[in-house]
Amino acid sequence: MAMAQYNADARLHAVFEQSGESGKSFDYTRSIKSTTESVPEQQITAYLSRMQRGGAIQPFGCMLTVEDITFRIIAYSENAVEMLDLIPNSVPSMEQQQQEEVLAIGTDVRTLFTPSSALSLEKAAAAKEISLMNPIWMHCKHSGKPFYAIVHRIDVGMVIDFEPVKTGDASLSAAGAVQSQKLAVRAISRLQSIPGGDISLLCDTVVEDVRDLTGYDRVMVYKFHEDEHGEVVAEIRRSDLEPYLGLHYPATDIPQASRFLFMQNRVRMICDCCATPVKVIQDEELRQPLCLVGSTLRAPHGCHAQYMANMGSIASLVMAVIINGTDEEELSGRNSMKLWGLVVCHHTSPRAVPFPLRYACEFLMQAFGLQLNMELQLGAQLTEKHILRTQTLLCDMLLRDAPIGIVTQSPSIMDLVKCDGAALYYGGMFWLLGVTPTEAQIKDIADWLLEYHADSTGLSTDSLADAGYPGAPSLGDAVCGMAAARITSKDFLFWFRSHTAKEMKWGGAKHHPDDKDDGRRMHPRSSFKAFLEVVKRRSLPWENVEMDAIHSLQLILRGSFQDIDDSDTKTMVHARLNDLKLQGIDELSSVASEMVRLIETATAPILAVDSGGLVNGWNAKVAELTGLPVGEAMGKSLVHDLVFEESVETVEKLLYHALRGEEEKNVEIKLKTFGSQRQKKAVFLVVNACSSRDYTDNIVGVCFVGQDVTGQKVVMDKFIRIQGDYKAIVQSPNPLIPPIFASDECTCCSEWNAAMEKVTGWAREEVIGKMLVGEIFGGCCHLKGQDAMTKFTIVLHSAIDGQDTEKFPFAFFDKQGKYVEALLTANKRTDADGRITGSFCFLQIASSEMQQALEVQRQQEKKCFSKLKELAYIRQEMKNPLYGMIFTRKLLENTDLSDDQKQFVETSAICERQMQKIMNDMDLESIEDGYMELDTAEFVLGTVMDAVVSQGMIPLREKGLQLLREIPGEVKTMFLYGDQVRLQQILADFLLNAVRFTPAPEGWVGIKVLPTMKQLGRGIQVVHLEFRITHPGLGLPMELVQDMFDRTRWATQEGLGLSICRKLLKLMNGDVQYFRESGKCYFLMSVELPLAHREDEGSVK
């Protein structure tokens, strides 16, 4: 569907472009009618490039693009010179250029702003998640003019959008994203307080909240339907504006390319659609226009600007509403996030809202998406329950009056799914309900299905005409869509739907059937007219849940009925269903016995009550915790006999909801103690309340599955009551102290106790001062997706705002990548005067299995420490003989040596240096992560090759192998800049592995060097070196090759060595590959190094 829509979008875009060039008017209604014409791939590519790399920005700000490390400017907008109070690079006076800031390709952007601004930019550039640092508060060096700098990364560097700061915005800029999140907390609280089951109310609330935050004339919620078209489902507007509520738009009104952009950049502001876009000037060396997908300033396309102007909207703010995708998408590995719709703001005059407010709106949209997702899931569950209930009633009717009970009684098959009519065609007879074709037409449809869809069990379509049914025109608009299910070899159930346009209306109060719109103009009314053309003679599509319901009923009917060819059909059906019912009861009985056994022996406390609240289940664990034996517990009232008074209301609510099928999780209750456990005074359980049902699915009681948190609860209660200095308790190593962390008002971590260090693997000094949202949770401790981040942010800000949260399910990955599940309690933190200064958070680790996993982890750490001790011993003891070798070599250097002997001594010296370097490699992580510094110096390549060959000679001779060398003469005298020892280490490792896996005797190993010169200008030359190390045979084992290229694993010592060497080569901007050919294999290594020019040596040609 999406790919087909790309085709339609690109074709419409081409028509618009052509009409503009020729001066003809653009007929939108006519252009949208035909969506079947194919568009060349090049045209689609050009269309997407125009959307994403348009080369222009809006004039309300300016843009600079810089290289990631050097901060060298590689592109800038034409208005940057004026807006940033700079001078262009064409000013001739050198003296003036030294005094003023100059904007040009190649300028270091840090020189254009104050030192503090430059430091802020450098800090942001170093952050793993750069978006969390936005907006950066920056000032021009010359004028001090303030800007919001919004930074994001692209393929060639960093794009910096500069938006001028208005006088009243200064208070928002200091805390950046954190302050923006606070702006949305109250709006989010309103959303969360809305009763469930009402998506319309949720949408109405969010448009009110957005309007309060932004002040736009009109705010709408725009929903995408399954067939990609859109509908305005909520709206708040200025009283004199025409309403758009209820308006439907064709899919092309918001192209697929724009929807993709909203998934990447979730808030889009256009300040003035009539303003002339500003061109972006970029470095000529860049191969294509800059990608502006993530830019806050990206200029609107002409087609969209015209649409906005025609509808009287000069400015807009659009925010993406993203929800989780379907289970099928997650299982198939596709992106599980889905663009549900948009929140669209319009203004009749130019308008810009500052970035912090837009960030607050984005945060609000994340919370809205979460709430909406829950409502959609609830709606789907209610729909499924309705369908199951209807199916059960239909089956019951089959028992009493087969087969016509499902069409003659209530509910009927029309109640199973949303439809305008339904029919049963059975044994040559017809039963019609609602709006349907005639009996003759239904017979014709059945014959058509049997002839053209004989291999299928049915058919569903939103257009019988598109499905190829030749009689579709005779059905008119009353019947467009159909779902058919075959129940015997020649009998069918049918559901019918009328065309979509029947249910569509223009939402404007001023609309009249006789109103005429100019279809050539892009306007909401002409869009609606175009949409009606698209959906004419087409019904609403059949949803997956509806088709599942139809298929389920079809299976029941097909399994219960045979073709009518005898008079005993009803008797057969009764007998079969009764047999199935008895068989089901037997199976339920055996399953129930096994469940009782599991519950009795479970290590978690489990108790159950009947519908009157009397205990009828009390397992061994809860008996052990409370001291109340199973026999004595049976028949007692849970509310009146077993829980403390402060838990009575909580338990009564749990029972009330669970007995009505509304189950709750993670609720704390306080149980009384008896007998031997009376000294504990109370037992605290965190329980899930589950509805207990009998075999007829009636609720007959409630089952509580709990977790004992008594120890942690006692400590936490004491802790919360303590006033003044809490440091001693927080940092206590006592195992009863739960994991605790705290934040200041800006969500920066101000406390991280020993238990948190143990649970997360991150030390206190590694996290203190960092932002809890993004840097710690989301950075150090990864979370599962954006939803988890949003929920945690809401809980944290709610606590800072004074709203405590208890037992919030929270999960993260620790430093070792292990998944940790816990319950989070977040409380406000106050000073002596009662002023809120931040938040205090406690974690309750969820299960005993986690403790076992931690124990396994500790054992592994112990083994690692033992290995490290062995390594330290070997490293230390190897130094002594190495010092002896170095001393001996230095003695030799002072003797009378021949030229060959001097070369041998030099080779020995650089091998010693290589050995020392490897022995000092204690920080392998710096190599793995690519930030280790190389020791760059001038060296002779021939010396490196001699050292490499010398390291391979003993293994070669031991195996009786021959070394074949193809090293050009100029290579031996070539002077280069680079890390000589690391290059030597890499080549030697590859050579020795080739020797190790070459079959002996009479084998060989070849080493070939191919140099190529490159001129970079200004007399700078680099040498591209290609090293090929070849050997015969089957080659390296596959496991070893995997070790070399996969950083997440290594099974052998050789594999670790190869992996480290490959990483070192990557640090030199080189690479290595391993090839297998018929009868031989080879390493192919390439690297580029600068050529060192020496006055005493001739140039290398």
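The model is predicted, with local features needing pLDDT of at least 70 and side-chain atom pairs counting only at pLDDT 80 or more, while totals for chains, interfaces and linings use all residues. Residues are numbered from 1 along each chain as its sequence is written, and side-chain values use heavy atoms, leaving out hydrogens and water.

Let's start with the second largest pocket, which holds about 2300 Å³ of space. A pocket here is an open set of points on a 1 Å grid over the protein atoms alone, where a 1.4 Å probe fits, with protein on both sides within 12 Å along at least five of seven lines; lining residues have an atom within 4 Å of a point. The volume is the space filled by probe spheres set on those points, joined across faces, edges and corners. Its lining counts 48 residues, with Met374, Lys665, Lys791, Phe808 and Pro809 nearest the centre. Helix 13 (355-400) is among the elements supplying at least two lining residues, and it gives the largest share, 11 residues. Helices (H or I, at least four residues) and strands (E, at least two) are DSSP runs, numbered from the N terminus.

Now for strand 14 (residues 315-324): nine of its 10 residues are buried, so it is largely enclosed by the rest of the structure. Buried means under 20% relative accessible area (1.4 Å probe, protein chains only). Strand 14 pairs antiparallel with strand 12 (residues 267-270) over four bridges, pairing requiring at least two DSSP bridges. Val267 sits opposite Met319 there. Strand 15 (residues 337-347) also runs antiparallel to strand 14, joined by 10 bridges, and Leu342 is the bridge partner of Ala320.

Notes. Buried < 20%, exposed > 50% of the residue type's maximum accessible area, 1.4 Å probe, protein only.
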